[in-house]
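These are my notebook entries on a structure that I consulted for the first time.

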Amino acid sequence: MTVPFARVPNNLRTPLFYVEFDNSMANTATATQRTLLIGGMLSAGTATAGIPERVSSPNTVGELAGKGSLLHAMMTAYQANDSASEIWILPLEEDSGSMVAATGTIKVSSAPTDTGVISLYIAGIRIQLTVVATDTVAGIATSLAAAINAKTSLPVTASAATDTITLTAKNLGSQGNNIDIRLNFEGTPGGEATPEGLVLTITPMAGGAGAPDITGALANLQDRTFDFIVSAYDDTTSIDALKAFLSDSGGRWSWDQQLYGHAFTTTTGTYAALGTKGESRNNQHETMMGVNKSPSPPWVWSAGYAGAAAVSLRNDPGRPLQSLAISGVLAPALEDRFNLTERNNLLYSGISTFTVDDDGTVRIENLITTYQKNSYGDADDSYLQVETLFTLAFVVRFLRTQVTSRFGRMKLAANGTRFAPGAAIVTPNIIRADQIAQYQTLEYQGYVQDSAGFAAGLIVEQNASNPNRVDVLWTGTLINQLRIFALLNQFRLQASTGA
């Protein structure tokens, strides 16, 4: 038998005992599945725009990207759902020459006639202020603006003039238009009500325009892997940049990069608007949650549901994500939620959906990709489920680890070649047998199925033109998810007779 030493030389004459370690059969490592949060930074932030940076807490991000920035809120929401991930931020510079901040107003139209508490929600964050019957409209406006500015995690700044508070988004761009302003989200059951006589007139945030360019910043990621890429932006230019970044042709899913990853974002609007937006996309490497009139802004939704999904996908990429709770987001009011028919139709338009418990807990219903049609424009559900993409990435990484560990420095011989046992030589048949064994391991662990069918369809052969190359046709069947349980309840009102 030939022992395939790699380092111990054959010409040794000095005695006695020498050891060489070979880890090719011991590698059980899996890829690090990092999270990347993409969003604009404020001028007060200390980070370098366009340069990714590893972070550990919302406070850290608040210093790096600015308190109340998109990234600050995203980090808070993400860690509320996933506290064990390796998280990086990609802070983007906002160009004041091409971007405009959104603004809104709160007018104190009349003073209170009794003591009470104002419960104002901005971007889903509550600000409370006690008022009394002797307060003036100007005094209330000044006090409320001060209370808003004191809460540095808010995405707006406030200024008061006479009876009106003007809110200005801290981040520039059209995303600021999605900052929700409302009173008494919890309502009477939550002990929230506008003080008697007080009238606050809210003008929603509007006028924000533009989005930062993310293409250059994405290039700075180089070869570091990021499986969960959360973007604050849902404009076409931004998501197209991520589409190119992750594409199968020249992107992170291409044969030469093999870095993989998936983009998560959120879009807002009515049922009709969301359906139109979803049907304009067709990309297996992006997921778009559809939300209508939630107090929480879309970038908080993106970070929240991506964090909830990441925990499960890291543990088992094939296990369905349905029913996972999303912490850190507030559900739309009951009248603004979509019914079953609407949600089902959105799932045919590339839009992911959620449900809400009676206590307000938001849960993932189905996370899908926006991929809907093949290159001929025909319906195609092969990449519908997010779990499919993450399972594929897991399986390919597993196989790559096994191949590079076991066959990294092997000689290649044709099938039927006779050589000493233990020699550093492989044949296509040896590789084929190893692929079958690895598939059986994956099947036992619950990632694939039908190992007999796989073995029958697997082809491993030496390339006809390049004798140093082995070509493999891998015909595995991925594990599925239990999504629908349909039961026909054919009940009886009277016991049947007979034996």
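I took buried to mean under 20% relative accessible area, exposed over 50%, and partly exposed in between (1.4 Å probe, protein chains only). At 1% relative accessibility, Asp82 therefore counts as buried.

I noted that this is a predicted model, in which local features need pLDDT of at least 70 and side-chain atom pairs count only at pLDDT 80 or more, while totals for chains, interfaces and linings use all residues. Residues are numbered from 1 along each chain as its sequence is written, and side-chain values use heavy atoms, with hydrogens and water left out.

Entry on Asp82. I located Asp82 in the loop between H2 and strand S3 (87-92); helices (H or I, at least four residues) and strands (E, at least two) are DSSP runs, numbered from the N terminus. Which side chain does the side chain of Asp82 join in a polar contact of 2.8 Å? I found that of Arg314; a polar contact is a pair of N or O atoms within 3.5 Å, and within protein one must be able to donate a hydrogen and the other to accept it, residues adjacent in sequence counting only if both atoms are side-chain atoms. The Asp82 side chain also reaches the backbone nitrogen of Ala84 at 3.2 Å. Leaving out residues up to four places away in sequence, I listed Ile87, Gly307, Ala310, Val311 and Arg314 as touching Asp82 (heavy atoms within 4.5 Å).

Entry on the helices. I recorded that H1 (residues 58-65) and H2 (residues 70-81) have axes that come within 8 Å and cross at roughly 165°; axes are lines fitted to C-alpha atoms, for helices over the stretch in contact, and angles run from 0 to 180 degrees between N-to-C directions.
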